[in-house]
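Hi everyone, thanks for coming. Today I'd like to walk you through a structure, so please have a look at it with me.

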Amino acid sequence: MVDSAPVPGSRAGSAIPRISGLNAEERKSVERLLKSPNQLAQTLQEVAFTNKWCKKDKPYSGVWLARGTGYPIVGRFFIKQIGLDKVEGFVEQESRAKIFGKCNKDWFDLNVQWSNGDLTHVGVAYNPESKDAKQLQGRMNPIRTSLKFPYVHYRLIPGTSEYDEDFGNKGSLNKYVIDAKAKDLYDKLLNNIYAVSELYECISFKRLADLFSMDVKSAESLAQCLLKCGQVTGAVDQEDQMVIFQKQKEALKKFNAQVREICVLVQGAYDAILKEHPSRKKRSKKYKKSGGSSSKREKAAAAAAGTNNAGPGPTEKNRGGNSSSNGATSNAKNGCNASNVDDNKGKNNAKKEMMETE
């Protein structure tokens, strides 16, 4: 298995991402965490989200663990504060439920739109007698790690466009906090997989194990957990034993487009030449067939060498016959040459006599 070459032009204008190997203690910790891969993937997702969105001036941003007196306030709420008074997010996974709402310094309300059509108003107090709903009833505690609120849930009746109302419930969201020492390890793993995705389009399990300073089997399991957490987009190919990163970099797209453009231009030039000079196509075929081109002089020399190197006849008798015939031919040639010399001498003498007479 050959890893792809580093992506050209990745993160243009910045340093090459750094990949840090794990020390012995960190490897043991990872091996222990890999015994519960789903839990590890969830923790990595929480750390990645926290690193990206949690800021000191955005107290609502973070991962919140939900508890409610009724359905469906349970699980993890991933909330990000946009500006001063807006919040967005999702529950567990973006495909499950989306969150949107508003907030101020100490009060908030959220709407949760579930994938099955249900709707939950969080931080909204509802009076069934007056049919009044009061917004911004959710309250944030002074230390900013707990949200308490009433909520109303509207359950969509299957096969209809009507809802069942479930009101009078109360719930809370408690901000997820991770131990600082454990977070350092998770940050290292997240940074490594991000750096690898920036440098490679695909990478073998063996190469990944070398970069992470761990065994191949652990590297494969860890790659699956890191891809699940959403830090990078990719897939694990079990058959080819490699990780394929699906997100193509803009620099790589530009590079590929330039290569394609050059190839088109070269092919166009080649076609134009053949159209203008059709004989070159025959020459190129002849060249391929003979295995190369050679000048007339080289061909004549090769032919002469072939004649001189011709093998002897099958018997000594034939050799003698050939020798006799060659000798007769040689004598005949010599006789002709001698007569030609005599004729030339006679012509020269006649010319001399004419000049003297004049």
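**A pocket and some aromatic rings**

Let's start with the largest pocket, which has a volume of about 610 Å³. Keep in mind that this is a predicted model. The pocket is lined by 22 residues, and the closest to its centre are Ala48, Phe49, Lys52, Trp53 and Gly230. Two or more lining residues come from each of helix 2, strand 3, strand 4 (93–103) and helix 3 (180–199). Which element gives the largest share of the lining? That is helix 2, with six residues.

Now to the rings. Searching the whole structure turns up eight aromatic pairs. Take Phe49 and Phe90: their ring centres are 6.0 Å apart and their planes stand at 90°, so this pair is edge-to-face. It joins distant parts of the chain, with Phe49 in helix 2 (residues 37–53) and Phe90 in strand 3 (residues 86–91), 41 residues apart. Are these two buried or exposed? Phe49 has 9% relative accessibility, under the 20% cut-off, so Phe49 counts as buried. Phe90, at 10%, counts as buried too.

Phe90 has another partner, Phe78, and this pair is stacked, with 4.8 Å from centre to centre and 10° between the planes. Here too, distant parts of the chain are linked: Phe78 sits in strand 2 (residues 74–82), 12 residues from Phe90 in strand 3. Phe78 is also buried.

Conventions. Residues numbered from 1 in each chain as written. Predicted model: local features only at pLDDT ≥ 70, side-chain atom pairs only at ≥ 80, totals over all residues. Heavy atoms only, no water. Phe/Tyr/Trp six-rings, centres within 6.5 Å; stacked < 30°, edge-to-face > 60°. Helix = DSSP H or I, 4+ residues; strand = E, 2+ residues; numbered from the N terminus. Buried < 20%, exposed > 50% of the residue type's maximum accessible area, 1.4 Å probe, protein only. 1 Å grid on protein atoms, 1.4 Å probe; cavity = no way out; pocket = protein on both sides within 12 Å on 5 of 7 lines; lining within 4 Å. Points joined across faces, edges and corners; volume = space filled by probe spheres on them.
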